[in-house]
Every structure is written in C-alpha cells, then in structure tokens.
Amino acid sequence: MTNTPELIKAKVAAETKLTAEVVRMLADFETSGERERFQIASLYAFCVDYLGYSKGSAWRRVAAVDLLRRDPSMGEKLDSGELNLSNAAKIESVMKEANKQGIEIPAVNLFEAAKGSTRTVELQIEKIAEAHGLKSIGHSASLKEKFTKLIALLSHKHPGLTEEGLLHLLADQALAKLDPAQKPARPGAGEAYQETRYVTPKLEAHIWQRDEGQCTHTNPLNHGRCQETHFLEVDHIVPFARGGLTTAKNLRLLCRRHNQMHADAEGLPRRRVAQPPRTTAVPLAFGT
Ligand SMILES: [Zn+2]
C-alpha cells in the first residue's frame, strides 16, 4: 500500500484523537485516586518513569490534564485538534497564574487566541491575560535598572551574575542581618541548600513545571522568551563551579543552544547537571 498524503493526514487525525484520549485517561487516573492508590508520587513522575514520555511531553500532558479539570469543555478542542498540547499547556499556565491573582479568565477566550500560528500564540494569550487585569510576572523598569547597576558594581567579585543570582546575594545579606536564627554570615546559611551538583528527581520535576517545559532564555533586546521545548537541560544560573547552589532559585531550563551560549559567556566549559542513573526504559521523545 502506498502512503498518500490523504492516508497520512487521516492517521494524524487518529493520532490527535488518541492523544486527547490519553489526556482524559490521565485525568481520570488522577481524580479517581488511582494514582495515589498505586503510590505514585505525581502524575508527572508517572508519565516520565512509567509511561516513558520525555520530560517535555510529560509536562505538556500534565498541564493539559490540569486544564481539563479547570474547564472540561477544552476536551472537545483537544479531540478536534483545534487545541494542541503546547497551547493547552500555555493556557493552563496563564489560568493558574490568574487563579493565584484572583482573576477569572474564561479558558475559551485564551483558546481563541491559541488558534493562531504557534509563534504568536504566547503573545496573544498574554495580551488577553493582561486585558483581564493579570499582572505580568516580570520586573518593572526601575527595578531592572537597579538590578543592572548592582550587577555592574558586583561584577568584579561575582562575574556572570544574573538577576536570580543577585537576588540570592541580596537575600543572603538581608537574612544574615535580619534573621535572628542565623549565625553571622555564612552565605546561604539557614537555607536548605545542597552543596552538590546533583539535582534530585523531585527538584528536577519542580524546575520543569515551574519553567513550563520551555527554555527560559530571554532576548535582552525585546525580552522575548526562547520558544524551544525540546533538548532542554537543567542549568545552574550561578555556575556550580562559582559557588552556585543546587536550589530551585538557582536552577533553570535552557535549550542546548542557550546553555552553550551562557557557558561561553561565562568562559566555562560546557556544563551539565549530573543526571541520576536511568532505571526505566529510554523514553520515546515525542514532539507533542
Ligand atoms: Zn533557548
């Protein structure tokens, strides 16, 4: 049998339906309490360790599950293929943030924005979120300016300091002064930090969820975020070799290109967070 474009297209439609079905099964697995009954730590862990999804694929499916629980009508959009997993995950992260800020944004409004080309979806979604009064999570310009000045002043002692790294330093200084529980001035004291490079699976899962399975590099000129969702690596913001801690605050997801770029900028050899040995089957890295 020859594979005609029509045949492939029909198969893709079936694949889309199947993907939506898996998301529904996962949602049911979660809400029915089955996941807990099997003593599986999280749906994300289940997707990676048992089902063999890549981390990005697992993250998108878990986000889609959360979205379905928030608004079951999104299930039909997944079935029809009008909503893909990437956009479902984006909508879910906006709705989660809106929920935190006590703002109601109907999922369908965000879905309408998500129908455009993938490149512009994020912007559209942000616009709608802002129109509903969602505060952006970025810093104000005046705060950015202060950060820039401080980073310049500290650049000799702390080369390659990032905003996160700076916040660490400032927080440590403030804590050393203000926290009565702290004995004088061991940097990072009082914080449950790790002095090893090793990122525990739990911490790694947290980083993936927090960074939404996407590279966190932002273009310094237009503040656009890198769209890469594949080949991501957990990166130490303040390099481990320079005393950066293995804590959530000092870790981020970067794509290979940007991981390499940051390493080059800091004059370091390419660095990677040590991975725990794999005990499960090698996952299939589906792109969706
Ligand atoms: Zn990137």
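In the predicted model, helix H3 passes helix H4 in a right-handed crossing. The axes of H3, residues 43–50, and H4, residues 55–70, come within 9 Å, and they cross at roughly 145°. On the H3 side, the contact is made by Leu43, Tyr44, Cys47 and Val48. On the H4 side, Lys55, Ala58, Trp59, Val62 and Val65 take part. Sorted by type, the residues of the contact of H3 with H4 comprise 8 nonpolar and 1 charged, with no polar residue.

Lysine 55, which belongs to helix H4, is the charged member of this group. Its relative accessible area is 22%, so lysine 55 counts as partly exposed rather than buried, a term kept for values under 20%. Lysine 55 also lies 9.1 Å from histidine 230, C-alpha to C-alpha. In sequence, lysine 55 and histidine 230 are 175 residues apart.

Helix H3 also packs against helix H1, which spans residues 5–31. The angle between H1 and H3 is about 125°, and their axes are 11 Å apart. That angle makes H1 oblique to H3, because it falls in neither the roughly perpendicular range of 65 to 115 degrees nor the roughly antiparallel range of over 145. The crossing of H1 and H3 is right-handed. Here Leu26, Phe29 and Glu30 of H1 meet Leu43, Phe46 and Cys47 of H3. The contact of H1 with H3 contains 5 nonpolar residues, no polar residue and 1 charged residue. Leu43 and Cys47 of H3 take part in the contact with H1, and Leu43 and Cys47 are also listed in the contact with H4.

The loop between helix H2, residues 34–37, and H3 holds glutamine 39. The phi angle of glutamine 39 is positive, at about 55°, although the residue is not a glycine. Glutamine 39 counts as exposed because its relative accessibility of 73% is over 50%. A positive phi, near 60°, is also found at histidine 223, again in a residue other than glycine. Histidine 223 is located in the loop between helix H11, residues 201–210, and strand S1.

Strand S1, residues 232–236, pairs with strand S2 in the antiparallel sense over 5 bridges. Within this pairing, leucine 232 stands opposite cysteine 255 in S2. Strand S2 covers residues 251–255 and is mostly covered, with 5 of its 5 residues buried. In a regular strand, side chains alternate between the two faces of the sheet. In S2, Leu251, Leu253 and Cys255 point one way, while Arg252 and Leu254 point the other way. Both sets are buried, Arg252 included.

Of the 288 residues in the protein, 38% are buried. Among contacts between residues at least 6 apart in sequence, 58% join residues at least 24 apart.

Notes:
Residues are numbered from 1 along each chain as its sequence is written. This is a predicted model: local features need pLDDT of at least 70, side-chain atom pairs count only at pLDDT 80 or more; totals for chains, interfaces and linings use all residues. Side-chain values use heavy atoms; hydrogens and water are left out. Buried means under 20% relative accessible area, exposed over 50%, partly exposed in between (1.4 Å probe, protein chains only). Helices (H or I, at least four residues) and strands (E, at least two) are DSSP runs, numbered from the N terminus. Two strands pair if DSSP finds at least two bridges between them. Axes are lines fitted to C-alpha atoms, for helices over the stretch in contact, and angles run from 0 to 180 degrees between N-to-C directions. Angles under 35 degrees count as roughly parallel, over 145 as roughly antiparallel, 65 to 115 as roughly perpendicular and the rest as oblique. A crossing is left-handed if the near helix is turned anticlockwise from the far one by less than a right angle, and right-handed if clockwise. Contact means heavy atoms within 4.5 Å.
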